[in-house]
Amino acid sequence: MKIKIYRGTKEIGGTCVEITADNGKILWIDLGVPLSTTNPDTSYRNNKVDALLISHPHQDHFGLMESVGSEVPVYIGQVSEDLIKATKRFLGIDPPLCNFQRLTPWKEIKILDTFKVYSYLVDHSSPEGLAFLIEVDGKRVFYSGDFRSTGRKGFLYDRMISNPPKNINLLLIEGTMVERSKQEYETEAEVERAITDIVMNQQNMTFVVSAAQNIDRFCSVFTACLKANKMLIIDVYTAFVLELVSKMSNRLPTIDAHRILVYNPKSQMDKVTEEEFVDFVTRVNTKALHNGVFVKPEKFVYFLRFPQKKFVNALFTTNKNNVNLIYSQWGGYLKERYKVPSTDTINKLKVQKNINFSHIHTSGHAPVEELIELAKAISPEKIVPIHTENPTKMKLEFAAAGLANVELWDDGLEYSL
Ligand SMILES: [Zn+2]
Ligand SMILES: [Zn+2]
């Protein structure tokens with residue numbers, strides 16, 4: 001078999017790996033949008049492919065998947081498919097025209113009568129992150145996907161360390177954190193404690209800015225509200241995401257939880273028509289946010305992606321105390337290089353006198369020590385870094401830990417296995 005990394009040997013995001021079997025069948029793993037703008041060329045996405053695996057519903061892994069057309073099977077988890085469709089629905093974009101096929105964690109499937117694929121559920125900032133063991137032509141490749149050990153599903157990491165995949169010829173392992181600085185908060189539990197401290201003492205509303213699909217973070221904020229006796233406001237999109245993910249875990253709170261209220265502007269309600277979602281729409285309307293929020297804003301916490309300046313300033317009409325703004329995602333998004341739609345608004349709000357700003361976040365990715373620990377547990381013949389900005393540093397750190405079998409590959413070059 002032959003293997004090629006179209007993109008990802010020297011960058012985070014835009015990941016796409018190609019495995020070509022001896023019989024000529026071609027399997028791709030992930031087809032993501034590049035995060036960095038330095039190399040806009042993604043023309044490889046139009047190359048011939050017979051099947052595609054998607055590890056998780058983050059743009060840098062699935063964003064270009066529709067390029068394979070509507071015939072090629074796209075293997076994906078149920079929650080991932082649902083979440084991708086939900087995002088498009090609320091953006092007002094048509095659902096993806098893909099030939100979706102199902103991947104189920106802890107199950108092996110045979111693809112194109114050629115590739116044996118076993119999916120492992122991993123701990124990541126997405127609720128359904130998968131790693132893959134792919135077997136073809138007598139060779140075994142393990143693709144780590146994006147993973148960590150410090151979230152609410154950290155036990156999955158421990159389980160993999162104690163019972164790792166065996167006889168692996170090639171390990172493709174992510175190395176996001178090789179280049180990112182040490183974090184102030186190392187675990188989701190620490191994040192939850194820090195948010196709870198702020199919410200317990202809030203004198204006006206607290207805003208927590210995060211991604212709706214970061215379910216671990218949502219749970220941290222929800223728990224903080226339970227402990228501090230606050231009401232938690234979410235929007236219709238977040239409510240919809242919770243509905244989808246709670247299908248996988250019945251311990252997850254939904255809009256029916258006593259502490260939750262939903263901000264339901266018409267623009268969002270238009271995306272979930274009553275004919276299609278009669279039960280959901282009814283439940284959202286019974287939990288709709290009321291104007292009381294401006295009377296006693298100190299009773300509320302707002303979990304959202306994009307704070308509106310007008311809304312924030314309206315809170316000061318009845319309550320002159322400072323508002324808390326907790327930025328709870330990767331700090332890079334506040335920088336020009338990785339700018340997102342909310343960047344300018346947050347940067348303006350964070351310096352406002354009557355706002356207490358804090359950055360409370362932990363990464364979705366494992367630190368180098370854990371990458372090394374996992375690589376040692378799997379003990380593959382060959383290790384190739386992927387999803388990293390500094391593969392050279394990764395190779396050196398692995399070598400210092402006694403792993404001399406790290407190979408650095410180049411984008412677009414084919415290697416035999
Ligand atoms: Zn990623
Ligand atoms: Zn990811």
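This is a predicted model: local features need pLDDT of at least 70, side-chain atom pairs count only at pLDDT 80 or more; totals for chains, interfaces and linings use all residues.
Residues are numbered from 1 along each chain as its sequence is written, and chains are lettered from A and ligands numbered from 1 in the order in which they are written. Local features need pLDDT of at least 70, side-chain atom pairs count only at pLDDT 80 or more, and totals for chains, interfaces and linings use all residues, while side-chain values use heavy atoms, with hydrogens and water left out.

I begin with the metals. Which residues coordinate the zinc ion (ligand 1)? They are D60 (OD), H61 (NE2), D146 (OD) and H387 (NE2), at 2.1 to 2.2 Å. Donors here are N, O and S atoms within 2.8 Å of the metal (3.2 Å for Na, K and Ca); water is not among the atoms, so sites may look incomplete. The four donor atoms subtend angles of 86 to 163°, which makes the arrangement irregular.

The zinc ion (ligand 2) is held by H56 (NE2), H58 (ND1), H124 (NE2) and D146 (OD), at 2.2 to 2.4 Å. Its four donor atoms subtend angles of 90 to 165°, so this arrangement is irregular. D146 coordinates both zinc ions, which lie 3.5 Å apart. H56 lies in the loop between β4 (51-53) and α1, and D146 in the loop between β10 and α3, so the pair ties together parts that are 90 residues apart in sequence. Helices (H or I, at least four residues) and strands (E, at least two) are DSSP runs, numbered from the N terminus.

I turn now to the helices. The axes of α12 (residues 368-378) and α13 (residues 391-400) come within 10 Å and cross at roughly 60°. Axes are lines fitted to C-alpha atoms, for helices over the stretch in contact, and angles run from 0 to 180 degrees between N-to-C directions. V368, L371, I372 and A375 in α12 contact M394, E397 and F398 in α13, contact meaning heavy atoms within 4.5 Å.

Helices α6 (residues 236-245) and α8 (residues 278-286) pack at about 130°, with axes 11 Å apart. They are therefore oblique to each other. In this pair, V236, A239, F240 and E243 of α6 meet F280, R283 and V284 of α8.

Technical notes. Four donors count as tetrahedral if all angles lie between 85 and 135 degrees; four count as square planar and six as octahedral if opposite donors are over 155 degrees apart and all others between 65 and 115; anything else is irregular. Angles under 35 degrees count as roughly parallel, over 145 as roughly antiparallel, 65 to 115 as roughly perpendicular and the rest as oblique.
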